[in-house]
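Here is a short tour for anyone meeting this structure for the first time. Have a look at it, then read on.

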Amino acid sequence: MKSQLVRQQFLDFFASKKHAIVPSSPMVLKNDPTLMFTNAGMVPFKEYFLGQKTAVDKRVADTQKCLRVSGKHNDLEEVGKDTYHHTMFEMLGNWSFGDYFKKEAIDWAWELLVEVYKIDKDCLYVSVFEGAEDDGLEYDQEAYDLWKKYVPEDRIINGNKKDNFWEMGAQGPCGPCSEIHVDIRSAEEKAKVSGRSLVNNDHPQVVEIWNLVFMEFNRKADGTLEKLPAKHVDTGMGFERLCMVLQNKQSNYDTDVFTPLIREIEAITNSEYGKNEETDIAIRVIADHVRAVAFAIADGQLPSNTGAGYVIRRILRRAIRYGFTFLNTKEPFIYKLATTLSQQMGDYFPELKIQKQLVTNVIKEEENSFLRTLDQGLVLLDGIIKNTEGTEVSGKKAFELFDTFGFPIDLTALILSEKGMTLDEDEFKKELEKQKTRSRAAAVVETDDWVILQEDAEKEFIGYDTLEANVNITQYRKVSSKKEGDLYQLVFNMTPFYPEGGGQVGDKGYLKEDDGNVIYIVDTKKENNLIIHFAKSLPKNPTQTFKVVVDEKERFRTACNHSASHLLHQALREILGTHVEQKGSAVHSKSLRFDFSHFAKMTADELRAVEDFVNSRIEDKISLEEYRNIPIKTALDKGAMALFGEKYGDTVRAIQFGKSVELCGGIHVQNTGDIWHFKIVSEGAIAAGVRRIEAITNNATKDFFLENTQVFSEVAEVLKNTKNPVKAIIDLQEENASLKKQVEALQKDKAKNLTGDLINQVETINGIHYLAVKLDLDQNSIKDLAFDLGNKIENLFLLVGTETDGKAFLSCYIAKNLVEAKQLDAGKVVRELGKLIEGGGGGQAYFATAGGKKPEGIEEALVKGKEYLK
RNA sequence: GGGGAUGUAGCUCAGUUGGCUAGAGCGCUUGGCUGGCAGCCAAGAGGUCGUCGGUUCGAGCCCGAUCUUCUCCA
C-alpha cells in the first residue's frame, strides 16, 4: 500500500466517523516562548485542552508535520544511525474535544488497523495504565475491558506511569494512555522470543505505532489531580512506522516515504544504499534531514544563527557533514533533493511545491557557506597539527576550532585518526560544558509560581476598540533574570494591551492604583493564548480594580507602520510579481521591517515605484474595513492571501484597505490617510532569495526629511548656494585629487632642494658622513628626508631636531652598514640624547625617534651627537 | 540573550614582545618576449589598515566604545 494511500485512508476513515479533516498546522511555531516546533500532533490544539478556547468541531483528524531534535530517542546526533527515528515526521491523529471517550477511541483504532489496514491482529499488543499509588490513580480497568473484546489477555500489557500516563507539562491536562505495538518479526524469531517481552524495549521490529491518550485529569500547581469537567481524546500514530508495517518492510527508510529520496541521493553522489554501514547511515541522515529542512523553509523558517533558525541550520549542516565525510561530496548537492521531495509530498503538502524555488535556493546557499567553513577549518586544523608535539591534540584547540570557526568535532577526530593522532576528548567536553554553563548563567530566568487571584476562563482582548479599561488582576508572578532584573507578569480579566504577535510589538502603557500611583507596563506578550503584561513592580493591593491605559502615541505610530507594511506587501506583489511572499516582518513604533522572497536586488526605479504605489494608496485615504471572527474561507473569498503560516482555527480576522486583504490580528489605522507618508530607508539581502526592506511612516518620515533638508541646506551653503551641489562636489573631488598630486610633486621638489642644501653641510668624520640640523618639518617628512639622504650619501649619520607645539623631537638615521660595522644604534642615541629634551624614545638600530617637552635642549643634543662618531 | 573570532589593495590573505618608509599571490594598466593549457619578463597604478576616542617619542599591532560578518552555546 502506497504511503499516499495510507494517509488518505486514515483521513477517510475518521471522516466517516464524523471527524472534521483539517490540514496540517505549520511545523514552525510562532508566538510560543515554550516551544520552537510542533513536536506532536496535539500541539496545535493545546488551547482547547487548556480550556482557553472552545473548539468549533468536537471531532477532528489530521496528519501533522512534526519536528523533534531533542528528547529521549531523538537526540539529533542519533538520527540516521538506526532505522526508525527521525527529525521530521508525520503524526496521524484523531481528537475528541469533550466528545467521545475511551470506548470509541479504542473501537475505532482497532477497526482501522485490523479491518481497513488489514494488519494481522496476532501481531498486535496493547498496553494499559496500571495505576499509581502516589497519585491515587487506579488501574485503567475500563480500557482493559474495552481491549479484551479484541485482544487476548496475554497480549495486553500493564504499563507504569512513565509509559502509560501522559502529561502535557508539570501542570495541566493529563490522563492515562493506551499504546498499540506491532511485532513485525519473522515467525522464526517470534517462536524464539515472545513479542510481549520486547514491547517498549527499543527493538526495531517491535514498535509502538499508536498512542491513545485519555485526558481526564488536571494536574494542579501543588501536584494534586482533579477531574476535568470535559474529557478529551488525543491520539498520535507515527505515519512512517505505519507505512513500514503496511509495506512489510523492516525499516522506515525502506518505505516509499524515503526510497525516492534515497534513490536520488544514490544517483547524485554515485553511491549505493545497502552495501556499507557508514554509507547507509550517511544516506539516511541526508534523506531524513532534507525533509526537516525543506518543510521548515517552506513554513518560513530560514536557517539563521539564533533560535529556531539555528536548529534548522544545525540539521542541514549535519547532513552536509555526513555527505562530505562518507559520500565524498565536496560540492552542494542536497538542494537538488527539493525537487524529488516536492514531487513526492507536494500533493498533500502544497507548500513544498509552491516554495520549491525558495527551498532550493536557501539550501544551496547554506551548503556553499558551510563548505567554505569546512575548507577554512581544514586549513586551521592543519596548522594545529603542525604545531602539536606528540600525537595528542589538545581539547582546547579542538574546541576553539569548533566554537569559533564552526568546524565539526567529529571531523576533527576523524582527520586526526587518519593521521594516527588522537584528541583529548575529555578536555574538549570540559570546554563545551564551561561554555554551556556560561550561557545558561547569562540566560537564567527564575520564574515563581502563578498567584491566582480570581478564576476567569475568558480573558478578553478589547484593544481593537479601546485603549483604556478598568480591570482586575486575575493572576501574577515574579520573573527574575540577570539582564532585566525583577519583572512582574500580570494577567488581567480583560485588556486593551496588544500582545506581541504577527510581527507587531507588544503595547506599552501604565496601570493606575487607587492612590494615583502609576505602574508602567513595559511590554505585553502572549503565552499559550494568555496575555501577559510586564511591569517593573507589583501594585500594593493587587486585588483592587485598576485603570489601565495604553500609550496612545506609540500605539498610533505602530499602527501606521503596520498598515503601511500591508500596503508595501501589496505594492511588492504588484510591481515585482506574485512570487513575492512575506517571509517575516517586524512592526515597531519607530520603523517597520518587511522580509519577502525575491531573487534580485531591487533597482532604484523599482524602489521608487513601490514607494509611489504605497503613497498613492495613502493619498487615496482608503478606510479600514475590518472583519472579525469570520470563517477562514470567507476571508479567502475576499482575496486574502492563504498563508501557510496559519494554523487551523475556527475563525480569523481580516484587514482590508481597498485591494489589500490580509489575515491579521494586528492594530491598524482607521484610514490610510493617517499614515501621512511612507519612505523606504534601506533594501538588502538577508538570505538567498530573501530580501528585506526597512521603511518609516508618519512622524518618522517628517524627521527624516527635516534632517535631510537640514544637511542639504548646510551642504549648499558651504558650496556658496550653488544650483547644482552634486556637480560642485564632484568638481571639488577632482580638483582635490589633482591638487594632492601637485602637492606631492612639489614636496618632492622641495625635499630635493633641501637635500641639495643639506648635502653641502655634511661633514666627514672618521669616514662617517655626519649631519646634525634643526629643521622645520613634520615627523613624516623627516623620515622621508632621512631615507632619501641615506640613499644618496653613503655612511650617513643623520641627526634632526624639530620643535612643534612646544614639544621637542629628535630623529636619528644611521646607514645600515655603519650600524653593523661600528656597532651603532640609533635607538640608543635617541634615548640618551632624549634626556636633554626631557623625553624618551626608541626605534630600530638604523632609524629612531624621541620626543620630549624641553625644546631648549635640542641645540645641545645636536652638538652632543658628534660624540657617537668616535 | 551569553561567549569567541573577524574587518588591511578590486579578490584571497601575510604582518612575530608597539619600531613599517604597510607587504604577497591573483587581478588590472603599459611595454617587451613567446605556437601550448593559469605563458614569460619588466615597469606601474591601486590602501582614511571597519569607525570614533585614548595611551605612547612612535599604533595595523595596546586600551575603551561602537558597527559589520562569521561561529558556538541558550
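## A walk through the model

Asn493 touches Gln454, Asp456, Glu458, Lys459, Glu460, Val471, Asn472 and Thr474, leaving out residues up to four places away in sequence; touching, or contact, means heavy atoms within 4.5 Å. Where is Asn493 found? Asn493 sits in the loop between β16 (485-492) and β17 (494-495). Helices (H or I, at least four residues) and strands (E, at least two) are DSSP runs, numbered from the N terminus. Asn493 is buried, with a relative accessible area of 14%. Buried means under 20% relative accessible area, exposed over 50%, and partly exposed in between (1.4 Å probe, protein chains only).

Before going further, a word on the ground rules: this is a predicted model, where local features need pLDDT of at least 70 and side-chain atom pairs count only at pLDDT 80 or more, while totals for chains, interfaces and linings use all residues. Residues are numbered from 1 along each chain as its sequence is written, chains are lettered from A and ligands numbered from 1 in the order in which they are written, and side-chain values use heavy atoms, with hydrogens and water left out.

Next up is Ser127, which belongs to strand β4 (residues 124-129). Setting aside neighbours within four places in sequence, Ser127 is in contact with Trp147, Ile157, Asn164, Cys177, Ser178, Glu179 and His181.

That list includes a cysteine, Cys177. How many disulfides does the structure hold? The structure holds zero, a disulfide being a pair of cysteine sulfur atoms within 2.5 Å. Take Cys123: its closest cysteine sulfur, in Cys243, is 17 Å away, so it is too far for a bond. Cys177 is in no disulfide either, with the nearest cysteine sulfur, that of Cys174, 11 Å away.

Here is how a few residues compare in accessibility:

| Residue | Relative accessible area | Class |
|---|---|---|
| Ser127 | 1% | buried |
| Cys177 | 2% | buried |
| Cys123 | 13% | buried |
| Pro631 | 45% | partly exposed |

Pro631 is part of strand β24 (residues 625-631).

Now for some strands. β32 (residues 807-814) is largely enclosed by the rest of the structure, because six of its eight residues are buried. β32 pairs with strand β31 (residues 796-804) in the antiparallel sense over eight bridges; strands pair if DSSP finds at least two bridges between them. Thr804 has Lys807, in β32, as its bridge partner. The hairpin of β31 and β32 has two residues between the strands, and there Asp805 takes a positive phi near 50°. β32 also pairs with strand β34 (residues 847-852), in the antiparallel sense over six bridges, and Ala808 has Gly852, in β34, as its bridge partner.

Finally, the second largest pocket contains about 1600 Å³ of space. Of the 36 residues that line it, the closest to its centre are Glu77, Tyr310, Arg314, Phe402 and Leu432. A pocket, on a 1 Å grid over the protein atoms alone, is an open set of points where a 1.4 Å probe fits, with protein on both sides within 12 Å along at least five of seven lines; lining residues have an atom within 4 Å of a point. The volume is the space filled by probe spheres set on the points, which are joined across faces, edges and corners.
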